[in-house]
Amino acid sequence: MRIESDLKLGFKDVMIRPKRSTLKSRSQVTLTREFNFLHSNVNWKGVPIMAANMDTVGTFEMAKALFKKKLFTTIHKHYSITDWNVFSSNAPEGIEDYMAISSGTGKNDAERLASVFEFNPQYKFICIDVANGYSEHFVNFVSETRKKYPDKVIIAGNVVTGEMVEELLLSGADIVKVGIGPGSVCTTRVKTGVGYPQLSAIIECADAAHGLGGQIISDGGCISPGDVAKAFGAGADFVMLGGMLAGHDESGGEVVERNGKPYRKFYGMSSSTAMEKHVGGVADYRASEGKTVEVPYRGQVENTLNDILGGLRSTCTYVGASRLKELTKRTTFIRVAEQENRIYTEE
């Protein structure tokens, strides 16, 4: 046993210090980024915000909505091959550059992935997603997937430390997903005691990834546009959102009514709700590590996207970053004991 005494920080622990800026308007800020990936040699250009691969967020409908603004969607892994084929036959031209096919690490997952690509070879991104990215089995699966799909972009995660980011990049991943336990409907930290404050995880993992020419995704923990900005400021190349995109027309999740108001169910993919829906229940050797909540209905996701992107542009003007790429170089975090005045809250 050992103890690391260095303090690790989450989004709530810091704010971004403003700096002198020559920008006259938020409209002068460019949020588009361009990446050349480590192993696949694919070039990608867009706004690096992602919908999480949860079945209450990462839907085909969400992908269509985010594509209009050149944002990315990791599609959840519970669509059938038929679902993929039907979607692809009616999908907007170019959307394949803004979607990832998600997969677990089992034999059936590998076979399903191969079937999707057999009928839809135009897709370029694979998201290999597990709760615990530290297992040798996971690393081997990433390596085998790279051998089988040398021209595809591989996203792999989740991890929270630099050495494992390096391990995954060297094993064939192009992008590593960072985050254990920060999500709004994740209970891993409570059930297991394992986790890492998200801001510090981003800083450590971004440093490791960029040293090898890879990228990272900050996955989880954002509850406001300001948190998205902090994630980019800390060095994240992409920011993945779950709860912030839940509850919309384009989201999955059962619609329910409470006191005359509509809500949509939102749950973690390790929750009992998700496991009962997709694998017949929680296995007797494990515990549920996710919550099920009801999110107030929010209408079309476009309004939320405008709020997030507008907040991010505003952050850039406060620190003098004309491009999102410059934000991390212009960011100085200050430790704080409070974030906002909460005397009034919106209904």
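This is a predicted model: local features need pLDDT of at least 70, side-chain atom pairs count only at pLDDT 80 or more; totals for chains, interfaces and linings use all residues.
In strand S9, valine 176 is the bridge partner of alanine 156. Residues are numbered from 1 along each chain as its sequence is written, and side-chain values use heavy atoms, with hydrogens and water left out.

Strands S8 and S9 run parallel and are joined by four bridges; two strands are said to pair if DSSP finds at least two bridges between them. Helices (H or I, at least four residues) and strands (E, at least two) are DSSP runs, numbered from the N terminus. Strand S9 is covered on both faces, with Ile175 and Lys177 buried on one side and Val176 and Val178 buried on the other. Here, buried means under 20% relative accessible area, exposed means over 50%, and partly exposed lies in between (1.4 Å probe, protein chains only). In a regular strand the side chains alternate between the two faces of the sheet. Strand S8 comprises residues 153–159 and includes asparagine 158. The peptide bond joining glycine 157 and asparagine 158 is cis, with omega about 20°.

The loop between strand S9 (175–178) and helix H6 (188–192) holds glycine 181. Glycine 183 lies in the loop between S9 and H6 as well. Both Gly181 and Gly183 are listed by UniProt, in an unreviewed entry, under "binding site". UniProt positions are given in the numbering used here, feature names are shortened, and annotations may be inferred rather than shown by experiment. Glycine 181 counts as buried because its relative accessible area is 13%. Glycine 183, with a relative accessible area of 26%, is therefore partly exposed. Apart from neighbours within four places in sequence, glycine 181 is in contact (heavy atoms within 4.5 Å) with Cys186, Thr188 and Arg189. With the same exclusion, the contacts of glycine 183 are Gly220 and Gly221.

Three strands in the order S12-S13-S14 make up an open sheet with antiparallel pairing. Its edge strands are S12 and S14 (292–296), each of which pairs on one side only. From one strand to the next, the twist averages 45°. Strands of a sheet pair through backbone hydrogen bonds, either parallel or antiparallel. Four bridges link S12 (residues 255–258) to S13 (residues 261–267) in the antiparallel sense, and valine 255 stands opposite arginine 264 in S13. The antiparallel pairing of S13 with S14 extends over five bridges, with lysine 265 opposite glutamate 294 in S14.

Arginine 258 is placed in strand S12. Its relative accessibility is 40%, so arginine 258 counts as partly exposed. Not counting residues up to four places away in sequence, arginine 258 touches Tyr263 and Glu294. The C-alpha atom of arginine 258 is separated by 47 Å from that of tyrosine 149, the two residues being 109 residues apart along the chain.

Strands S12 and S13 form a hairpin with two residues between them. Asparagine 259, in the loop between S12 and S13, has a positive phi of about 55° although it is not a glycine. At 81% relative accessibility, asparagine 259 is therefore classed as exposed. A positive phi is also found at lysine 70, where the value is near 60°. Lysine 70 is located in the loop between helix H1 (60–67) and strand S5 (72–75). The relative accessible area of lysine 70 is 35%, so this residue is partly exposed. Most residues other than glycine have a negative phi, and most peptide bonds are trans.

Helices H8 (residues 225–233) and H10 (residues 301–319) have axes that come within 8 Å and cross at roughly 50°. Axes are lines fitted to C-alpha atoms, for helices over the stretch in contact, and angles run from 0 to 180 degrees between N-to-C directions. The contact involves Pro225, Val228, Ala229 and Phe232 of H8, together with Asp307, Ile308, Gly311, Leu312 and Thr315 of H10.
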